Amino acid sequence: MSDFSMYDDDPEPFEFSCRRFVYKNKAQIIKDQQIKVAMDDYRERSRNLSVFDAISVPKISGKCGGTGPLPITEDVRLRLTPLCNLALEKYNADKDTHFVFANIVKSTWSPTTGNMYYITFQAQDSSTSLTTFQAQVSNHRSGPKVYSCAIKT
């Protein structure tokens, strides 16, 4: 019987590791199995998604980072609208068009590299109905930068 046997039936997950061995109690083994199932499902569901359509990593995994959805609240809308306008200005200048921002459809973001946003939004010019765009824009301390802006295909 090991010194860790007192943790075997503890309801709280417990793990200890060193160079020679790893001990996990029953609750930790069950939690690890649940994490594996959740992450396998996540990988399957996100397999063919673009960064514009990312889904959240399961909370049970304990992992953070990566690209995930950003709920469009009023605060988020106020933060993203200038970035959409900046992306649209670049698109208009490059393509000699006159689109005007209309609405944010959805957004994902990556907290790395100064908050990278992948924004799907709608814009309109005088001769068309709403057109859906996708833009990749970062918001560094030194200022926002547009990496791409294109009509969604």
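Modeller: Two strands pair if DSSP finds at least two bridges between them. Helices (H or I, at least four residues) and strands (E, at least two) are DSSP runs, numbered from the N terminus. This is a predicted model: local features need pLDDT of at least 70, side-chain atom pairs count only at pLDDT 80 or more, and totals for chains, interfaces and linings use all residues. Residues are numbered from 1 along each chain as its sequence is written, and side-chain values use heavy atoms, with hydrogens and water left out.

Colleague: Which pattern does the protein chain follow along the sequence?

Modeller: Start with the parts: three helices and seven strands. Read in sequence order, the pattern is β-β-α-β-α-β-α-β-β-β.

Colleague: What radius of gyration does the protein chain have?

Modeller: The C-alpha atoms fill a box of roughly 80 × 30 × 25 Å along the principal axes. The radius of gyration is taken over C-alpha atoms, and the globule rule is 2.2 Å times the number of residues to the power 0.38. For a compact globule of 153 residues the value would be near 15 Å, but this chain has 22 Å.

Colleague: In what order do the five strands stand in the open sheet?

Modeller: Strands of a sheet pair through backbone hydrogen bonds, either parallel or antiparallel. Here the pairing is antiparallel. S3 (68-69) and S7 stand at the edges with a single partner strand each, so one side of each lacks a neighbour in the sheet. The order is S3-S4-S5-S6-S7.

Colleague: Which residue in S4 is the bridge partner of Gly68?

Modeller: S3 and S4 (residues 100-110) run antiparallel and share two bridges. Gly68 has its partner in S4: Trp109.

Colleague: And in S5, which residue is the bridge partner of Ser110?

Modeller: S4 and S5 are antiparallel and joined by nine bridges. S5 spans residues 116-124. The partner of Ser110 in S5 is Met116.

Colleague: How many residues lie between S6 and S7 in the hairpin?

Modeller: S6 covers residues 131-140, S7 covers 143-151, and eight antiparallel bridges pair them. Phe133 stands opposite Ile151 in S7. Between the two strands of the hairpin the count is two residues.

Colleague: Is Leu88 buried or exposed?

Modeller: Leu88 sits in helix H2 (residues 74-95). Contact means heavy atoms within 4.5 Å; beyond neighbours within four places in sequence, Leu88 touches residues including Phe99, Phe121, Phe133 and Cys149. Buried means under 20% relative accessible area, exposed over 50%, partly exposed in between (1.4 Å probe, protein chains only). At 2% relative accessibility, Leu88 is buried.

Colleague: How far apart in space are Leu88 and Lys106, C-alpha to C-alpha?

Modeller: In sequence, 18 residues separate them. In space, C-alpha to C-alpha, the distance is 16 Å.

Colleague: How many disulfides does the structure hold?

Modeller: A disulfide is a pair of cysteine sulfur atoms within 2.5 Å. Cys84 is in none: the nearest cysteine sulfur, that of Cys149, is 8.4 Å away. Cys84 is buried at 1% relative accessible area, whereas Cys18 is partly exposed at 38%. The disulfide count is zero.

Colleague: Is the pair of Phe4 and Tyr7 stacked, edge-to-face or tilted?

Modeller: Rings of Phe, Tyr and Trp (its six-membered ring) pair if their centres lie within 6.5 Å; planes under 30 degrees apart count as stacked, over 60 as edge-to-face and the rest as tilted. The structure holds 14 such pairs. The centres of Phe4 and Tyr7 are 6.5 Å apart and the planes stand at 35°, so this pair is tilted.

Colleague: At what angle do the planes of Tyr91 and Phe99 stand?

Modeller: Tyr91 is buried at 10% relative accessible area, and Phe99 is buried at 11%. Their rings are 6.1 Å apart, centre to centre. The pair is edge-to-face, with a plane angle of 65°.

Colleague: What share of the accessible surface belongs to carbon and sulfur atoms?

Modeller: Buried residues make up 32% of the 153 in the chain. Accessible areas come from the Shrake-Rupley method with a 1.4 Å probe; for residues, only the protein chains shown count as cover. The chain's surface comes to about 10,200 Å², and the carbon and sulfur share is 52%.
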